[in-house]
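Please read the points below with the structure open beside the text. Each point takes up one part of the chain and may be checked against the display.

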Amino acid sequence: MRAGSARDLARRHLAGALPRRWRHVQGVARRAEAVAGHLGDAEGAVLVAWLHDVGYAPSLAVMGFHPLDGAVALRELGAGERVCGLVLDDVQAALERRGRGEIEA
């Protein structure tokens, strides 16, 4: 999967259903693009930036935990293991924020 198809997939699942989430994803992707030249895998970083919150999409949510739902959906859509793992790694970020009281359990 390439960054352009990741963007299209995220747009298809988030833009209409969750416009605030879509704007957030666009902002994350812009930041990833801005620093991509300093990363070893620039394309991969931008690709995952587009996909990191796709599990919030009502059309993909099954378990109700966006990192897991996103990783499972992406695996079913044929995304590589590395991409799925990085999307799933958003679990750590969510757990950390929950632990700090920034989001509800």
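Predicted model: local features only at pLDDT ≥ 70, side-chain atom pairs only at ≥ 80, totals over all residues.

1. Asp53 is buried, since its relative accessible area of 3% falls under the 20% limit for that class. Asp53 forms a salt bridge with Arg21, and the closest N and O atoms of the pair are 2.7 Å apart. This pair links distant parts of the chain: Asp53 belongs to the loop between helix 3 and helix 4, Arg21 belongs to helix 2 (residues 19-35), and 32 residues separate them.

2. The salt bridges may next be considered as a group. Side chains of opposite charge can pair when their charged atoms come close. How many salt bridges does a search of the whole structure find? The search finds four. One of them joins Glu81 to Arg75, with the closest N and O atoms 2.5 Å apart.

3. A further salt bridge joins the side chains of Arg11 and Asp8, at 3.3 Å from N to O. Both residues lie in helix 1, three residues apart, which is about one turn of the helix. Arg11 has a relative accessible area of 39% and is therefore partly exposed. Asp8 also counts as partly exposed, at 32% relative accessibility. Arg7 belongs to this arrangement as well: Arg7, Asp8 and Arg11 are linked in a network of salt bridges.

4. The packing of helix 1 deserves a separate point. How do helix 1 (residues 3-15) and helix 3 (residues 42-51) lie relative to each other, parallel or antiparallel? Their axes come within 8 Å and cross at roughly 5 degrees, so helix 1 is roughly parallel to helix 3, the cut-off for this description being an angle under 35 degrees. On the side of helix 1, the residues that meet helix 3 are Ala3, Ala6, Arg7, Leu9 and Ala10. Their counterparts in helix 3 are Glu43, Val46, Leu47, Trp50 and Leu51. Eight residues of this contact are nonpolar, two are charged and none is polar.

5. His13 is another residue of helix 1. Its relative accessible area is 16%, and His13 is therefore buried. Which residue has a side chain joined to that of His13 by a polar contact? The partner is Ser59, and the polar contact is 2.7 Å. When neighbours within four places in sequence are left aside, His13 is in contact with Val54, Ala57, Ser59 and Leu60.

6. In helix 4 (66-76), the buried residues are His66, Pro67, Asp69, Gly70, Ala71, Ala73 and Leu74. The student may wish to locate Gly78, which follows helix 4 and has a positive phi, near 95 degrees.

7. The last point concerns Leu86, which lies in helix 5 (residues 81-88). Leu86 has a relative accessibility of 37% and so counts as partly exposed. How far apart in space are Leu86 and His52, C-alpha to C-alpha? The distance is 7.8 Å, although the two residues are 34 residues apart in sequence.

Methods: Residues numbered from 1 in each chain as written. Heavy atoms only, no water. Axes fitted to C-alpha atoms, helices over the stretch in contact; angles between N-to-C directions. Helix = DSSP H or I, 4+ residues; strand = E, 2+ residues; numbered from the N terminus. Parallel < 35°, antiparallel > 145°, perpendicular 65-115°, else oblique. Contact = heavy atoms within 4.5 Å. Nonpolar A, V, L, I, M, F, W, Y, C, P; charged D, E, K, R; others polar. Buried < 20%, exposed > 50% of the residue type's maximum accessible area, 1.4 Å probe, protein only. Polar contact = N/O pair within 3.5 Å; in protein donor to acceptor, adjacent residues only side chain to side chain.
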